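Have the viewer open as you read.

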Amino acid sequence: MLDTGSALLTENIAIQTFIADLVPGQQLLPGSLARAEAMAWLSLLSSTVHIAFRPIFRSNRLASTKAGQADVAATGRRKLDDIFDKVDALLGDRCWAIGGRFTLCDSYLAVYVGWLDRPAIAAPP
């Protein structure tokens, strides 16, 4: 959540776009076709990658028994592997998500790559 003083922004993509527009010289969010590519990445990260962690980190919200929670978490870990295979394929051999330079997409992706080191992810299914 970001309070801009005149509006309260609550969604990652809105917050990141707002911040990028504050510092246009940094080109955190490029223009034209590259901007559309960036928005596709931000949407993927927000709606697919982020959500894929939920069954692992919050299995108790998706199943009431310990056995059910373990199954939800294990299924979530397998799905997360599939999603990161897609991310890897999209990146290919590039260092950055788009445009050959650092953008918001890369900082947002770094959050989720960091989450992969959490014990709940590393634990055997």
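## Overall build

Of the 125 residues in the protein chain, 34% count as buried, meaning under 20% relative accessible area with a 1.4 Å probe, protein chains only. Bear in mind that this is a predicted model, where local features need pLDDT of at least 70, side-chain atom pairs count only at pLDDT 80 or more, and totals for chains, interfaces and linings use all residues. Residues are numbered from 1 along each chain as its sequence is written, and side-chain values use heavy atoms, with hydrogens and water left out.

The chain has six helices and two strands, running β-β-α-α-α-α-α-α from the N terminus. Those are DSSP runs numbered from the N terminus: H or I of at least four residues for helices, E of at least two for strands. The C-alpha atoms fill a box of roughly 50 × 40 × 20 Å along the principal axes.

## Around helix α1

Which residues of α1 (residues 12-22) are buried? They're Ile13, Ile15, Gln16, Thr17 and Ala20. As a group, the buried residues of α1 pack against β1 (2-3), β2 (8-9), α2 (32-52) and α5 (104-115).

## Surface

Conventions
Buried < 20%, exposed > 50% of the residue type's maximum accessible area, 1.4 Å probe, protein only. Contact = heavy atoms within 4.5 Å.
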